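Work through the exercises below with the model in view. Try each task before reading its solution.

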Amino acid sequence: MTNIWLAAGGTLSAVGSLLHLGCIFGGPSWYRALGAQERMARMAEQGKLEPAIITFGIALILAVWAAYAFSGAGLIGRLPLLRTGLVVICAIYLARAAALPLMIRYWPGNLSPTFLTVSSAIVLVFGVVHLIGLMTGWAQLSGDR
């Protein structure tokens with residue numbers, strides 16, 4: 001039976017991955033529209049590789065996280081350390097959301113409190129969806145499946 005919550009979590013992570021790839025191919029206007037630091041957009045305008053490398057790294061991580069959620073949902077084959085991986089992914093999403101006050105106070109660079117708040121709300125939703133998926137499918141996620 002498909003775990004709809006983990007399927008939704010996988011979809012959210014996949015969309016996040018695709019949006020990050022969109023920044024690479026869409027260029028500086030995409031970086032700005034999605035709230036990246038102005039420094040990243042300026043480096044992309046200058047043709048520097050750093051923004052693309054960083055953004056590709058984030059897209060790759062999110063794609064792997066999507067695959068783990070899809071695996072937990074039963075939509076693709078079982079990945080190694082599935083339950084552990086999903087717990088870690090969920091914890092990272094929730095920790096990122098919970099770190100909002102620290103990020104607003106101490107984050108280097110020019111990310112606005114509005115961007116930090118919106119992005120924290122987004123990852124909170126991602127984390128809660130994963131958490132519900134974990135809770136509802138805990139037994140099915142064991143290594144005995």
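This is a predicted model: local features need pLDDT of at least 70, side-chain atom pairs count only at pLDDT 80 or more; totals for chains, interfaces and linings use all residues.

**Exercise 1. Find what share of the contacts in the protein between residues at least 6 apart in sequence join residues at least 24 apart.**

Step 1. Take the contacts between residues at least 6 apart in sequence; 66% of them join residues at least 24 apart.
Step 2. Residues are numbered from 1 along each chain as its sequence is written, and side-chain values use heavy atoms, with hydrogens and water left out.

**Exercise 2. Describe the protein as a whole: its secondary structure, span, surface and charges.**

Step 1. Count the elements. Helices (H or I, at least four residues) and strands (E, at least two) are DSSP runs, numbered from the N terminus. The protein has seven helices and zero strands. Its pattern along the sequence is α-α-α-α-α-α-α.
Step 2. Take the span. The C-alpha trace extends about 50 × 30 × 20 Å along its principal axes.
Step 3. Look at burial. Buried means under 20% relative accessible area, exposed over 50%, and partly exposed in between (1.4 Å probe, protein chains only). Of the 145 residues, 36% count as buried.
Step 4. Take the surface. By the Shrake-Rupley method with a 1.4 Å probe, the protein exposes about 8200 Å². Carbon and sulfur atoms supply 73% of that area.
Step 5. Count charges. Lys and Arg count as positive, Asp and Glu as negative; His and the chain ends are not counted. Each charge is placed at NZ of Lys, CZ of Arg, CG of Asp or CD of Glu. There are 9 positive and 4 negative side chains, and the centres of the two sets lie 6 Å apart.

**Exercise 3. Which residues of helix H3 are buried, and what do they pack against?**

Step 1. Helix H3 covers residues 38–45, and Met40, Ala41 and Met43 are buried there.
Step 2. Look down the axis of H3. The buried residues fall within an arc of 160 degrees, so they line one face of the helix. The arc is that of the directions from the helix axis to the C-beta atoms.
Step 3. Recall the geometry: an α-helix has 3.6 residues a turn, so residues three or four places apart point the same way.
Step 4. Find the partners. The buried residues of H3 pack against helix H2 (28–33) and helix H4 (50–73).
Step 5. Gly47 follows H3 and has a positive phi, near 80 degrees.

**Exercise 4. How many aromatic pairs does a search of the whole structure find?**

Step 1. Set the rule. Rings of Phe, Tyr and Trp (its six-membered ring) pair if their centres lie within 6.5 Å; planes under 30 degrees apart count as stacked, over 60 as edge-to-face and the rest as tilted.
Step 2. The search finds two pairs.
Step 3. Trp65 and Tyr93 are edge-to-face, 5.0 Å centre to centre with 80 degrees between the planes. Trp65 lies in helix H4 and Tyr93 in helix H5, so this pair ties together parts 28 residues apart in sequence.
Step 4. Tyr93 and Phe126 have ring centres 5.3 Å apart and planes at 80 degrees, so this pair is edge-to-face. Phe126 sits in helix H7 (residues 113–137) and Tyr93 in helix H5, so the pair ties together parts 33 residues apart in sequence.
Step 5. Join the pairs: Trp65, Tyr93 and Phe126 are linked into a cluster.
Step 6. Check burial. Trp65 is buried at 15% relative accessibility, and Tyr93 is buried at 4%. Phe126 is buried.

**Exercise 5. Is Thr55 buried or exposed, and which residues does Thr55 touch?**

Step 1. Thr55 is found in helix H4.
Step 2. Its relative accessible area is 4%, so Thr55 is buried.
Step 3. Leaving out residues up to four places away in sequence, Thr55 touches His20, Cys23, Ile24, Tyr31 and Met40.

How values were computed
Contact means heavy atoms within 4.5 Å.
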